[in-house]
Structures are given as structure tokens and as C-alpha cells.
Amino acid sequence: MKKTYYLFNPGRLSRNDNTLKFIPVDESGREGVPKYLPVEGISDLYCFGSLDTNSALYNFLGKAGISIHFFDYYEHYTGSFQPKEYLLAGKMQISQTSHYLNTDKRLKIARKFVEGAAFNITKNLRYYMKRERDLEQQLTRIQSYSELVSTASDIPSLMGIEGNIRSTYYEAFNEIIKDHAMEGRSMRPPLNEVNTLISFGNMLCYTQCLDQLYHTQLNPTISYLHEPGYRRYSLALDLAEIFKPILVDRTIFRVLNKREIQSKDFDFQTNRVTLKESGKRTFLKAFEEKLNETIKHRTLNKHVSYKHLIKLECYKLSKHILEIETYKPFKIWW
């Protein structure tokens, strides 16, 4: 099975026959011990440090079908190198665009994204209510907001409902997480440990959705809930809404409640909190374990990973856009 590789340190990346050769470089320019990565075992690379390479390396990665995702010092996603978009098809592009331009068709898909996200959020809350957390108030409010989704008459109204659901959900984090206060959602920049993990995890979920979209005929720039914009793959944002409660939030609850990540793993700066390398490594390990965790799929009647569930979601959306089968968002059934 192919794996995701994470590059934390600045360094030089080059081709070495059928492997990738990564040489870490410290601040003084001194080279460390080279690491050799077999190409056939790599699905994608996540780069958290500056990377020195050349066009020959990107040609090699393109032929091998390997993507690279780049993040800056503050863990913000900055962009990706993607191999040639060999799966894009004219019929899908036309149909996907027409569904965006048709107000009713767009709204129907956008409602499904919010519906799936709200359902998975309530599942998280019910799980922790069984563990004697006082979440009844938040759950009741989210359920009342969720009832408004089907009657939302336009995208701004739907986004407002989604925002109310999400902010109410974040209020519950103070009950779910031990020893760390949420203190409201802060994003750019995150102001405490919980917000830093949310931002970091959401970017990982976004890039996972982008990766899976790339392996379908869907165009990731044409979206339905989030407004398509310049220089962003907004359809990945749409899909991420469904999977953030499952992949990101549950990982955050685990690493903080089990004290796998502690205050020493954060860098506290003026008006900003970032993850140290130790925190990134721990979170990424837990996130990868979640992605590779398998469940028994009720329709396929076999075990599939959470990562594969994202790809299946892309296929379901494709069928809806081509008017083969009505799209139903993924909902936790256990």
C-alpha cells in the first residue's frame, strides 16, 4: 500500500534512479544524513520546510503520479504540485458547470454537504454524551438549526445555517476536551492550542479531499456550497465539511484527552500559537491512523478505509452530476 511521506526539515530533494533522495539542511547550510524514499511506495508528499529542487524532479514526480503539498511556517496550506490531470473529461466539466449555474441544482447539492456535516457533528456529540459530558444544550440547538437546511432558499442562508451549527458545535469542545479551553474559534492566526489543532487538521482534511478529487473526473475548482474563487480548489472545501468531524475533530479529541500532545508541543508567540515539530509529528501520526482505519461498508459489503471513503464520496457526487444516481452524503451509521 502506498504511503504519505512528511518532510519537516528544509532540504534538497532529487531523483536517485527509482528513489527520491532527500538531504536535510540546517540553518548554517550543513547537510544531514540523506534519506532515500522508494517511489513505488509513495502516494504523496507533505512539505513543511523549504525545499530545494529542480524541474527534472517535478517531471519525475509527474510521471510517477506523486503530488506534493506545501505548507508555510505557520502551517498554512500554500499550494500543491499535481501530476497531469489525465482524468478530466469534457462531459463531466460541462455537467458540473451546469449544476453550478442552475440555482436549484446547486442548492440541492450544497444542502447535502451541510446535511452530512451536521449529522456527523451530532454523532460526535452523542458519543461524548454517553461518556457523561453535558452536551444536551448544544445538541438541541444543532438539531434545530439542522431542520432549517432543507428550507434554505439560497447559498448565503445555507452558509449562515452551517456557520451556526459549527459555532454551536465548537462551544461543546470545552466539555469534550480536558485541560484545554476552546475560547471561541480563532483562525488567522489561531490564538490557543485547540484552535491551532483545528486549523492544522482542517488543512490536512482539505488536502486529502483534493487528492481524492484529482483521481476522479471532477474539476476541484467548481464547487457548490463554497463559492468558487481564484487560486483555490473550493470543491475540496465542500467535501471536507462532511469529513472534518470524523477525521479532524476525533483526532483532536484523542491527542488532547490522551495527552499525546501537550502544551510543550506548542510554540506560544505574541497573538499566535503554532505547533512545534513534535506536535506536528504526533498529530500527523494520529491523523494517518484515522485515515487508514477501516469500517465495514454497508453497500460494498467489505472493509474500506476512511481515506477510501473520501474517494467513494467523489464517485457518488460524480454520479449525481451526470444524473445517474442522486447524491447522498456520507453519514456515520455506528
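Predicted model: local features only at pLDDT ≥ 70, side-chain atom pairs only at ≥ 80, totals over all residues.
**Exercise 1.** How are H8 and H10 oriented to each other: oblique or roughly parallel?

Residues are numbered from 1 along each chain as its sequence is written, and side-chain values use heavy atoms, without hydrogens and water.

*Solution.* 
1. Identify the helices: H8 is residues 234–257 and H10 is residues 306–321. Helices are DSSP runs of H or I, at least four residues, numbered from the N terminus.
2. Take the axes. They come within 11 Å and cross at roughly 140°. Axes are lines fitted to C-alpha atoms over the stretch in contact, with angles from 0 to 180 degrees between N-to-C directions.
3. Classify. Under 35 degrees is roughly parallel, over 145 roughly antiparallel, 65 to 115 roughly perpendicular, and the rest oblique. H8 and H10 are therefore oblique.

**Exercise 2.** Find which residues of H8 meet H10, and sort the contact by class.

*Solution.* 
1. Apply the contact cut-off: heavy atoms within 4.5 Å.
2. On the H8 side, Leu-235, Leu-239, Ile-242, Phe-243, Ile-246 and Leu-247 take part. Their partners in H10 include Tyr-306, Ile-310 and Glu-313.
3. Sort. The contact of H8 with H10 has eleven nonpolar residues, no polar and one charged. Nonpolar covers Ala, Val, Leu, Ile, Met, Phe, Trp, Tyr, Cys and Pro; charged covers Asp, Glu, Lys and Arg; the others, Gly among them, are polar.

**Exercise 3.** Describe how H7 packs on H8.

*Solution.* 
1. H7 spans residues 193–214. The axes of H7 and H8 come within 8 Å and cross at roughly 135°.
2. That makes H7 oblique to H8.
3. The H7 residues in contact with H8 include Gly-201, Asn-202 and Cys-205. Among the H8 residues they meet are Ala-236, Ala-240 and Lys-244.
4. The contact of H7 with H8 has 19 nonpolar, two polar and one charged residues.

**Exercise 4.** Determine the orientation and contact classes of H5 and H8.

*Solution.* 
1. H5 is residues 155–171. Its axis comes within 14 Å of the H8 axis, crossing at roughly 10°.
2. H5 and H8 are therefore roughly parallel.
3. Glu-162, Arg-166 and Tyr-169 in H5 meet H8 residues including Glu-241 and Asp-249.
4. The contact of H5 with H8 holds three nonpolar, no polar and five charged residues.

Notes:
Helix = DSSP H or I, 4+ residues; strand = E, 2+ residues; numbered from the N terminus.
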